Amino acid sequence: MIGNISIDTTRYPDGRTYVLIGGAALHVALGAARAGTTARPAAVIGADLTRLHALPWPEELGLSHVATVAGASCRFDITYGTDGQVIGLIAAYGCAAALTTHALDVLNGSDCDHWHVCCRRPLDIGPVLERLVTAGHSFSLDFHLTSAAEQIHAAKNALPHARTVFVNAAEYRLLDDLIAVNELATVVVSNGPGAVILLRYGHAITTESPQSGPVTEVTGAGDTLAGAFLAGILQGSTEREALASAVTAATHQARDAGLPYESP
């Protein structure tokens, strides 16, 4: 899972604020690991996240591709609206500016069954996706709404080669504007508390609705869905089975308080 591991401050309309260990690469990898598949995030962190290695992760989660360098870790300050959608984002990338170089090094030196790329800054996805396509690797992608238009455009040539593309409903509209979705093998479209739709070459194949209930922390729920879905597929589940398990995992993630960040 290539992407960020970050320190996230999340803010909600009711005044709740959390400071958490997060980042898409960590959430996707953790979702896959909890579903029983070995997963390794490829990310760059600073000394302020060194306790990451001492936390009690699932046995299937490996941190061998997490590089620790001098400087501050990536930080995101995220404000959510009443509908659970991001309405404000402040980013300080810190040492994660080195992520592209690190990701290419990992691609050169590691062998795995499947790669997942979290298409968001500061990763330069162009050379990463070109390497994956040229080598014929199995890979999947996800986006983040605040930079989705830019990142989808940058990924345009690689998208038809992706095994699965994960987007939310707003990102899907951008995707549909920029590329013929009937050229994409599998697209999983989430919609907050609404039904998740799985498309095969532009046609809806199955949907799965989350169970209703209290939501504590929505950050990482979509990434958890992606990780759990990929785990199911890699373990031989059908797409319908994998989607059902993934939606359940994402629902549980949204009801959890997240992993509090503590300074070293």
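**Stop 1: α1 against α6**

Select residues 24-34, helix α1, and residues 221-234, helix α6. The two helices pack at an angle of about 40°, and their axes are 7 Å apart. That angle makes α1 oblique to α6. Keep in mind that this is a predicted model.

The crossing of α1 and α6 is right-handed. Now show the side chains where they meet. From α1, pick Ala24, His27, Val28, Gly31 and Ala32. From α6, pick Asp223, Thr224, Gly227, Ala228 and Ala231. Colour this contact by class: five residues are nonpolar, four are polar and one is charged.

**Stop 2**

The buried residues of α1 are Ala24, Ala25, Leu26, His27, Val28, Ala29, Leu30, Gly31, Ala32 and Ala33.

What covers them? Select β2 (17-22), β7, β8, α6 and α7, which are among the covering elements. Then step past the end of the helix to Gly36, which follows α1. Gly36 has a positive phi, near 100°.

**Stop 3: α6 against α7**

α6 passes α7 in a right-handed crossing.

On the α6 side, select Ala221, Thr224, Leu225, Ala228, Phe229, Gly232 and Ile233. On the α7 side, select Glu239, Ala242, Leu243, Ala246, Val247, Ala249, Ala250, Gln253 and Ala254. By class, this contact holds 12 nonpolar, three polar and one charged residues. Thr224 and Ala228 deserve a click: both belong to the α6 side that meets α7, and both also belong to the α6 side that meets α1.

**Stop 4: Asp8**

Next, select Asp8 in strand β1, residues 6-11. Is Asp8 buried or exposed? Asp8 counts as buried, because its relative accessibility is 4%, below the 20% cut-off.

Show what surrounds Asp8. Beyond its close sequence neighbours, within four places, Asp8 is in contact with Tyr18, Val19, Leu20, Gly22, Gly23, Phe76 and Thr219. Draw a distance to Thr219. Asp8 and Thr219 are 211 residues apart in sequence, and their C-alpha atoms are 8.9 Å apart in space.

**Stop 5: the largest core**

Which residues have the most contacts inside the largest nonpolar core? Select Val117, Leu141, Phe143, Leu159 and Leu175. This core has 37 residues. The largest share, five residues, comes from α2.

Zoom in on Val117. Not counting residues up to four places away in sequence, Val117 touches Ile2, Leu123, Ile125, Val128, Leu129, Leu132, Ser140, Leu141 and Asp142. A second, separate core has 24 residues. To find this second core, select Met1, Ala29, Ala32 and Leu55, which are included in it.

**Stop 6: α2 beside α3**

Select α2 and α3. Their axes come within 9 Å and cross at roughly 10°. The two helices are therefore roughly parallel to each other. Their crossing is left-handed.

Thr100, Ala103, Leu104, Leu107 and Asn108 in α2 meet Pro127, Val128, Arg131 and Leu132 in α3. This contact has six nonpolar, two polar and one charged residues.

**Stop 7: Tyr172**

Move to Tyr172 in helix α5. Tyr172 counts as buried, at 18% relative accessibility. Leaving aside neighbours within four places in sequence, Tyr172 is in contact with Val167, Val181, Val187, Val189 and Leu199. Tyr172 and Phe143 are 29 residues apart in sequence, and 9.8 Å apart from C-alpha to C-alpha.

**Stop 8: two loop details**

Select Arg121 and Pro122. The peptide bond from Arg121 to Pro122 is cis, with omega near 5°. Pro122 sits in the loop between β7 and α3.

Finish at Tyr201, in the loop between β11 (196-200) and β12 (203-208). Tyr201 is not a glycine, although its phi is positive, about 50°. Tyr201 is partly exposed, with a relative accessible area of 43%.

Note on methods: Residues are numbered from 1 along each chain as its sequence is written. This is a predicted model: local features need pLDDT of at least 70, side-chain atom pairs count only at pLDDT 80 or more; totals for chains, interfaces and linings use all residues. Side-chain values use heavy atoms; hydrogens and water are left out. A nonpolar core is a set of buried Ala, Val, Leu, Ile, Met, Phe, Trp, Tyr and Cys residues joined through side-chain atoms within 4.5 Å. Buried means under 20% relative accessible area, exposed over 50%, partly exposed in between (1.4 Å probe, protein chains only). Helices (H or I, at least four residues) and strands (E, at least two) are DSSP runs, numbered from the N terminus. Contact means heavy atoms within 4.5 Å. Axes are lines fitted to C-alpha atoms, for helices over the stretch in contact, and angles run from 0 to 180 degrees between N-to-C directions. Angles under 35 degrees count as roughly parallel, over 145 as roughly antiparallel, 65 to 115 as roughly perpendicular and the rest as oblique. A crossing is left-handed if the near helix is turned anticlockwise from the far one by less than a right angle, and right-handed if clockwise. Ala, Val, Leu, Ile, Met, Phe, Trp, Tyr, Cys and Pro count as nonpolar, Asp, Glu, Lys and Arg as charged, and the others, Gly among them, as polar.
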